[in-house]
Amino acid sequence: AGNRNDLLEKIKAAMSVKRYEHVLRVETMALQLAEKWGVPAEIASIAALVHDYAKERSDGDFLTVIREKQLSPTLIPWGNNIWHGIVGAEMIKDDLKIMHEDILDAVRNHTTGAVYMSKLSQIIYMADYIEVGREFPGVAEVRALAFEDLAASVGWQTRHTLSYLIDKQVPVYPGTLETYNTWSI
Ligand code: DGI
Ligand code: FE
Ligand code: FE
Ligand code: FE
């Protein structure tokens, strides 16, 4: 457990100043979305603060956790972008003692989305994408959409992320495709 300041200290110690500032902006956006969509503020706040907790851990650390916790071996080839949420949730449990399953699922889902996403998961997925520091074509449009139709904004992000990945010719995680098929049509 511990209080908010303890949590902030641990998160700050785990990452660069730049990433910490991103995390604080995600929290601000998540709190606004939580108020709009009826999710408890404290839950949204904690999920936002921890969502990138593991992002600066080494590949070796992630591979150790995948092995020791017997997570799916299909995770092994993917790398940091996919690991820091799905495997990072285990590090958040172990290091920060956060056991709230909806918070852990929001962390697991924050990069790729998922077929089933709670309101909280949708909020963290969107807040990470539209926090005030993000700039890309259409960001103002999708920011507004997240406050009008949260599920439609999830679809918007998934569609645009998939296009971006294809354009860059990088491998698409199967979960990203499942999210697209569920939320973007
Ligand atoms: O951690 P952040 O930078 O705040 O954002 P994020 O966790 O949403 O995304 C991290 C990266 O993951 C981003 O550059 C896009 C990438 N990504 C998202 N879906 C996929 C993916 N990369 C691959 N290879 N495949 C995916 O399906
Ligand atoms: Fe992330
Ligand atoms: Fe994201
Ligand atoms: Fe993030």
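Analyst: By class, the shell around ligand 1 holds five nonpolar, six polar and four charged residues, where Ala, Val, Leu, Ile, Met, Phe, Trp, Tyr, Cys and Pro count as nonpolar, Asp, Glu, Lys and Arg as charged, and the others, Gly among them, as polar. The model is predicted, so local features need pLDDT of at least 70 and side-chain atom pairs pLDDT 80 or more, while totals for chains, interfaces and linings use all residues. Residues are numbered from 1 along each chain as written, chains are lettered from A and ligands numbered from 1 in the order written, and side-chain values use heavy atoms, without hydrogens and water.

User: Which residues are the closest to ligand 1, and what makes a residue near?

Analyst: A residue is near if one of its heavy atoms lies within 4 Å of the molecule. Ligand 1 is surrounded by 15 residues, of which Lys55, Thr111, Pro171, Tyr173 and Thr176 are the closest.

User: What makes the pair of His84 and ligand 1 a polar contact?

Analyst: A polar contact is a pair of N or O atoms within 3.5 Å; within protein, one must be able to donate a hydrogen and the other to accept it, and residues adjacent in sequence count only if both atoms are side-chain atoms. A polar side-chain atom of His84 lies 3.0 Å from an oxygen atom of ligand 1, and one of Asp128 lies 2.9 Å from an oxygen atom of that ligand, so both pairs fall within 3.5 Å.

User: What are the donors of the iron ion (ligand 2)?

Analyst: Donors are N, O and S atoms within 2.8 Å of the metal (3.2 Å for Na, K and Ca), and sites may look incomplete because water is not among the atoms. Asp52 (OD), His84 (NE2) and His110 (NE2) coordinate the iron ion (ligand 2) at 2.1 Å, so they meet the cut-off of 2.8 Å.

User: Which residue bridges the iron ion (ligand 4) and the iron ion (ligand 2)?

Analyst: Asp52 bridges these two ions, which lie 3.6 Å apart. The protein donors of the iron ion (ligand 4) are His22 (NE2), His51 (NE2), Asp52 (OD) and Asp128 (OD), lying 2.2 Å from it. Because Asp52 lies in the loop between α3 and α4 and Asp128 in helix α8, the pair ties together parts 76 residues apart in sequence, helices being DSSP runs (H or I, at least four residues; strands E, at least two) numbered from the N terminus.
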